[in-house]
Amino acid sequence: MPAQAGTAQVALPAWSREQVHRTLVLPALDEVDAAPGLAALAREATDVVDRVVVVDGGSTDGTPAAARAAGLEVIDATSRPPGGPVLGKGDSVWRVADLETDVLVFRDADVRGVGPADIDALAIAVEGAGIALAKGRFTRLQFADGPPRPVSGRITTFVAEPLLALVAPAVAHLPEPLSGQFAIRREVLERLPVVTRYGLDVGLVLDVASTCGTDAIASVDVGSLTHRWKSDASLVPMAHDVAATILGRHDAPAARTDGTDDAVLKRLACAGPDGPLVVRPPRRAWTDRARRT
């Protein structure tokens, strides 16, 4: 269904810094070269967060070892229930949705920029009264062919924004709906379904809007950032995942309940190379059910 004003599933009171525990989460997959920079960020962020964790989604290049050697805490997402292969970044996020903390701030491991002040700004925003999710907006810089210059995100511009305008106009105004730099209240995240792979970020926007209301989403300027340039061909899986997540709100026939695996809420039809897109059930409900069995 289209995003619309909803009723918050949990109370969203204002919090002061002294009241909350913040965790900075750095999802990573094959980011061994980023480990030193992430360790430096963790050291610089000690005044704005209480814990920093790298959540590894099944790296094969030595990322976990390099991160630990650099002094970082590493959570192996494959070892978190239900275990087994991790279905992309969205699945990594779902598996840590029940960490013991109040505020989760997510920052992609492969970006440059988004430092401690930006992390603090995201956390402060989500700690405001009535705010469940704070999405980072930014200036994207490209260095691929000359001096750095601002560029727009291709999937955002050509896939997400047009589809949101059609399917969920209430959130179509939100800058950078696919931003991986965001903060969310843990009590909110663990009560939401989570779309795996590249459906994560826009899925959270749509689900927070429908359960807490569009006013529960804040936009925070986190400055400029850069990340590795990707070819158009390499963005095809992301484009399909984002489109499937947005269009899945229409409850297409192919978006069916999955009765064979209690860690799968439903599968969204996706024409991309990786096949159907999995939607995980709310983490709290799934964990409570797993404990009873």
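**Group meeting: backbone and ring details**

Let me start with Val114. Val114 is buried, at a relative accessible area of 2%. Buried means under 20% relative accessible area, exposed means over 50%, and partly exposed is in between, with a 1.4 Å probe and protein chains only.

Before going on, some ground rules. This is a predicted model: local features need pLDDT of at least 70, side-chain atom pairs count only at pLDDT 80 or more, and totals for chains, interfaces and linings use all residues. Residues are numbered from 1 along each chain as its sequence is written, and side-chain values use heavy atoms, with hydrogens and water left out.

Back to Val114. Its phi is positive, about 55°, although Val114 is not a glycine. Where does Val114 sit? It is in the loop between β5 (111-113) and α4 (116-126). Those labels come from DSSP runs, numbered from the N terminus: helices are H or I with at least four residues, strands are E with at least two.

Next, Asp30. This residue also has a positive phi, near 55°, and is not a glycine. Look for Asp30 in the loop between β1 (22-28) and α1 (35-44).

One more backbone point. Pro81 and Pro82 are joined by a cis peptide bond, with omega about 10°. Pro82 belongs to the loop between β3 (73-76) and α3 (88-95).

Now the rings. Rings of Phe, Tyr and Trp (its six-membered ring) pair if their centres lie within 6.5 Å; planes under 30 degrees apart are stacked, over 60 edge-to-face, and the rest tilted. How many aromatic pairs does that rule give? Two. One of them is Phe106 with Phe182, stacked, 4.8 Å centre to centre and 25° between the planes. Phe106 lies in strand β4 (residues 103-106) and Phe182 in strand β8 (residues 182-185), so the pair ties together parts 76 residues apart in sequence. Phe106 is buried, at 0% relative accessible area. Phe182 is buried too, at 0%.

Charges over rings come next. The rule: NZ of Lys or CZ of Arg is within 6 Å of the ring centre and within 35 degrees of the ring normal. Arg185 puts its charged end over the ring of Trp15, 4.2 Å from the centre. Arg283 lies over the face of Trp94, 4.5 Å from the ring centre.

Last, cysteines. A disulfide is a pair of cysteine sulfur atoms within 2.5 Å. The count here is zero. Cys212 is buried, at 12% relative accessibility. Cys270 is buried, with a relative accessible area of 12%.
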